[in-house]
Every structure is written in structure tokens, then in C-alpha cells.
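Morning, everyone. Please keep the picture in view while I talk.

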Amino acid sequence: MNPLIYNIGHQNTEYRTPRPRVLLKRVGCYQDPASVEEYLGLGGFAGLHRVTEMEKTQALDEIDIAMLRGRGGAAYPAGRKWKHLFGMKAEPKYIVCNGDEGEPGTFKDRLLLEEDPFSVLEGMLIAAYIFGAESAYIFIRGEYRRAQELFRRAVKSAEEAGYAGETILGIPGFSCRVYVVSGAGAYVCGENSALLNTIEGRTGRPRVKPPHLAEFGLYLKPTLVNNVESFACVPAILTMGGRAFLELGTEDGGGTKLVCLSGHAKNRGVFEAPLGTPMREVLYGSHYGGGTATGRPIQFCHFGGQSGPIGFPEQLDGLFSYQDLWDEGLAMGTGAVVVMDDSVDLVEYVRQVVAFFVHESCGKCTPCRVGTMRMLECLDGGSVERLEEIIEHVTNLSACGLGQTAGCAVGCALKYRREQFERRALNGVSGIDFHRS
Amino acid sequence: MNNQFQELSMEKKRSIMRCYEFRRENLLDILLDLQEVCPGRCIDTGTAGWVARELGVTETKVSEALTFYTMLHTEPQARFVFEICSSTPCFFTKAQGVADVLSRELEVKEEEITKDGLFAFRFVPCFGSCAEGPAIKLGDEVYGNMTEESLKELIERCRELEGTEP
Ligand SMILES: Cc1cc2nc3c(=O)[nH]c(=O)nc-3n(C[C@H](O)[C@H](O)[C@H](O)COP(=O)(O)O)c2cc1C
Ligand code: SF4
Ligand code: FES
């Protein structure tokens, strides 16, 4: 296993060799990451060339075989999603890249967008070729103005070199304009239907589903929505072949995964780990997290951002793979791993998580708008039973993924460390000294 | 003088619109860019109405966007707003300590503007600099691994910038 690190500091760009192999292989190699010449010099657009020499169905098969799971959180197999969309008759079709990256603790999409934007663009153009889409959108969160500007320059540079815009690669009928659209600070906009509403110029609240976005997506036309990292995997799959990509990972999920280590990890940053790397290696290995900065024991890890589950040390003996995490009641989510040492108060931690959801609830449906607030009140002074009841309501009755996952972290903490909540009898966690960590 | 200023800012406003080809899809881009050049770094009702007309959408749509998104403001902002990340990876790496230092140094509470109109601070959710917690954002710039010293230095640097063009 070759662990790979890129420490996403602004001044401290640091590598621990051996060099990355798949997603990070070009990161740090550019003078100007928005220069198409440099991308070509680094072997770029090989996947796009390759797809134009294949049958479209064959390309879809490769992605299917690769067992690429969506890197935006839901882990839905991309091959299945793409094939489903391919079967849709309505025209035009739209390609949308989700660069909202709102999950706290996740910063891998920013790295790709700022350091290797063409890999993402190439993935989008491959999709545009397969689906005959003439417009592709990338939605990038408002906090990443730099990345937006860079991506716009990259698109321009690609257009000038004939890799985007009209008659791409000189192939008649292969034209695709790429638009960059900004968010302005709303976590819920990352939800795929809310994202499409935002692009349409509406307020970024989720739509009622079904209908599926593959049928009625952007402007009610068939639409593909994938995460930034998912798109960046696509050129790699086409150049190395689906089977080789699969073999980098495990049966239930091929390839490598960008891991974002944060919190109390000794080495914080974006790492590229082959799926199936032992979890302990990711957390403690010197090429990865390296344990905690203070040397104190890890108390728990929060996976996949705020909406993901919390895992305790007894759950972390398996592999860093989709299936092993699921087996432990955990999930990969976005690839965020927030490491917390034993100085942190677990109840206080989950309170902060719930506060995030209270802030971010879009208010469209009552279970989430009111329920998240009730959860917070319970944590500030209520009974454990009442808290459990509310979590169940919010999880089951909310209309979109935000509400449905708002109680996930608290639920995990309650399941495995109930006594900590009972001991506190939920007599208010405010007023606690936050400076110890 | 006042007229000249308005003309200048109108020209700036128009060039922002042109830059996005008057596309409704870029409503948020346009509002964010406008906010940068508008006095007080906020979108007043006049500007909001103008945007609505130029894009051919209702004023309600624009004002809904202004209230829905946390990065858009309708009230005048301090010249320098320190935004402290309050999401858990940063929060549990002493983000509260950052707030305490700012509060003490600037003599304001969260969301208050200093008397000279220069500074304010607030908590915001994650902005993707989680490997550098505690992190703060100042406009489009991010500063990570904040300590009391680096904060004081940053405040000093802002003071030196006072009076220069935003
Ligand atoms: C509240 C909420 C926020 C989300 N935020 C993001 C996000 O920031 N980035 C992202 O790629 N997916 C996000 N998703 C998941 C998307 O809805 C969608 O599943 C994803 O973009 C599909 O791409 P993928 O299959 O490549 O992962 C979010 C989902 C929910 C419910
Ligand atoms: S679950 Fe929450 S975020 Fe989702 S639609 Fe309902 S109120 Fe909005
Ligand atoms: S958690 Fe603070 S910037 Fe992401």
C-alpha cells in the first residue's frame, strides 16, 4: 500500500513520498493549474481521447466494472447512475458537477479544484460525450471564490485548445459549454435537487423526490449529478481500465479515496488511500494521520462530515472500505475523518453537531425545522428518552437528506456511550470550558 | 463628488453583469461580486431592485436569495469581518479561544461592529480549511492555525490597511 499525503496548507505544501498514483498524481506539478498545455504535458485528456474511440456502452461498462461509488456522500455506484441516465430518451441532457463541499471536515474537492481542475473538467466532458450533453455546469460553493476563478480560467484555456466549447477534438457534433456557478453559503445547496434549483436561479431548497433527477433534473430534463472527486475518477478509469481501477480498491468499491483528516490528528490534510487500507493504518500510520497531535488516545472519529456516524475505537479494527465501515454501522460519507482525542466531551461535541443542523435547516419541512431545534434543547437539558424519540422523528419524517441525517451522530453516541448522556442527565452542556482541547 | 462616485460604482456594477452575460444562473455570483464593490459591502434595496430588473426576475426572488444565503448581507458590514469556523473540526481545536482573543482585542461581542466601523467577528460553518483549525476567513483570504500572536498581528495589518481602497 502506498500511502499518499498532500497537506493542503497555503504555505506548507508538503508531500510524503511515494508519489500519489491516481487522483493526486498531478497535484503540485503545475506552474499554473489552469493551463491546458501543462495538463496535456502531464498526460491529461487521455481519458477523453479514449472514450471517443470506444462504443459509448463500452465506456459505461468500464465505469460499471470499476465499481466507482459516488464520492459526495451517498456512495451510490456511478456506473448504475450513468447507465440509468443513458437509457433516458428526453433531450437535452445536462451534466452537473457538485462542488458544494459543505460537509464540515471535508476539503478534498477544494484541493482537486485548485490544484488539478482539468481532471474534474475531463470527467465532465467524458460524461458530456457519452450523454450528448451540450451544457455542463459546475456548482462551486461561494466560500471557494479562488477555485471558481481558477476553474473559469481552466475552462477558457481548454476552449482555446479545442478541448471544450464547439466541436471538441474536432469531432462533429461534440460540443459542450461549461458553466461555473457559485453558491453563497448554504449547506443544503449540496443536496442534488437543491443544487439544481440554485443553478436555475431559484432559492436552494430541495425538491420533493421522486421524480428522479435522471428523469426530471435541471430545467426538468434528464440530468447527471456527481461529486467533484467522482468526476475526477472517471478519466482515470478510462485510461487504466475499469478492472485495474477496481483492483486498486475492494470488491464493494474500487479505486482510491481521498481522506480528509482533521481535528486532533497529528498529520492533518488530504491523503489518498487505496480503499481497503486498514483503518488503523489510516488513523495511526506515519504516512497518514499518525495518531493524535498530543499523543493522547483517540476517543472517537467522526466520519463523512457532520451528517455521518461517529465511530469509537472498538469499531475501528476493520478496513477503510465501504463494506467494512457499513458492517460496523459506520459510513464513508465524503471521506472526512474528524479525529477527536479524549480531552473532548462527547456530549458537547454532538451538541455542536446538532447546532450546525439547526443553523443549516432550510425550513421547508417541519420535522427538520422544528425537530433539530428540539434536539438541541434536549441536549441543553432534557431526558435521554425524549432525545431518542425526537431523533427518530426527525430521521424518519424529514423530506431530504439533511434532516434524515441530522440525528446520525447523536444516535451513534447514544448507542455506544449512552452512560455519558445519562450521567450528564442532560443538565445542560453549555457553560462548559471549551479551551481544554 | 457623490455623483461621480455613483457613476463609477454604476459602471462597476454594469461590468459585473456583463462579465456573467446577464445569466440568471449566475445570480449568486453577481450578488457576491456586487457586494464587494458596494459601499458597506452589502446589497441595499436599490441594488437588489436593479439586479432584478437587469436579470428579468422579480425583486422577491432577489431578496429571497439575500436572506437565504449566509454570505450575502443587506446591512452594512464592518470593513474587516473575521469569520471564525465553528464546525467541530475547528471548534474543538480552540476556535472559541480565537473568539475570546478577538472579543478582548477589539472590545466587541460577536456580530458587533467596532466604533470606528473597522472590525467585527462572527462564527460561520466550515469553509474547507479544516486541516488548519482554528481557522478564520477574512474576505476571500483564509488564515489557519491561529494563535493569540498571529491574531494580534493580523489585526495590526488590517489597521495599517485602513483608509486604503477596499
Ligand atoms: C444536505 C445534503 C448536502 C449534500 N452536500 C453535498 C456536497 O456538498 N457535495 C456533494 O458532492 N454531494 C453532496 N450531497 C450529496 C448529493 O445530494 C448527491 O448525492 C451527490 O452530489 C451525488 O454525487 P456522487 O454520486 O458522485 O456522490 C449532499 C446531500 C445532502 C442531503
Ligand atoms: S429536511 Fe430540512 S433541509 Fe431538507 S427540506 Fe426539510 S427542512 Fe429543508
Ligand atoms: S471545520 Fe473549520 S474550516 Fe472546515
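What you see is a predicted model. For the complex, the predictor gives an ipTM of 0.93 and a pTM of 0.93.

Start with ligand 1. Which residues come nearest to ligand 1? They are Gly70(A), Gly72(A), Gly190(A), Ser230(A) and Gly401(A), out of 22 residues around this ligand. Two elements of chain A give two or more residues to that shell: strand 6, residues 223-227, and helix 16, residues 401-406. Strand 6 of chain A has the largest share, with three residues. How do the residues of this shell divide by class? Six are nonpolar, eleven are polar and five are charged. If you look at domains instead, domain 1 (23-248) and domain 3 (346-424) of chain A each supply at least three residues to the shell around ligand 1.

Now ligand 2. Around ligand 2 there are 15 residues, and the closest are Cys362(A), Cys365(A), Cys368(A), Cys400(A) and Gly403(A). The elements with two or more residues in this shell are helix 14, residues 366-379, and helix 16, both of chain A. By class, the shell around ligand 2 has eight nonpolar residues, four polar and three charged. Where does ligand 2 lie relative to the domains of chain A? Domain 1 (23-248) and domain 3 (346-424) both give residues to its shell, so ligand 2 lies between them.

Next, the helix pair. Two packed helices are described by the angle between their axes and the distance between the axes. In chain A, helix 13 covers residues 346-360 and helix 17 covers residues 408-424; they pack at an angle of about 135°, and their axes are 9 Å apart. Angles over 145 degrees would count as roughly antiparallel, and 65 to 115 as roughly perpendicular. Helix 13 and helix 17 of chain A are therefore oblique to each other. The crossing of helix 13 past helix 17 in chain A is left-handed.

Last, chain B. Its mean pLDDT is 92, and 93% of its residues reach 70 or more. A word of caution for reading any such model: where pLDDT is low, the predicted coordinates should not be read in detail. Chain B is divided into domain 1, residues 2-68, and domain 2, residues 80-161. How far apart are the C-alpha centres of these two domains of chain B? They lie 28 Å apart.

That is the end of my item.

Conventions. Residues numbered from 1 in each chain as written. Chains lettered and ligands numbered in written order. Predicted model: local features only at pLDDT ≥ 70, side-chain atom pairs only at ≥ 80, totals over all residues. Near = placed C-beta within 6 Å. Helix = DSSP H or I, 4+ residues; strand = E, 2+ residues; numbered from the N terminus. Nonpolar A, V, L, I, M, F, W, Y, C, P; charged D, E, K, R; others polar. Domains from an automatic or database assignment. pLDDT = per-residue confidence, 0-100. Axes fitted to C-alpha atoms, helices over the stretch in contact; angles between N-to-C directions. Parallel < 35°, antiparallel > 145°, perpendicular 65-115°, else oblique. Left-handed = near helix turned anticlockwise from the far one by under 90°.
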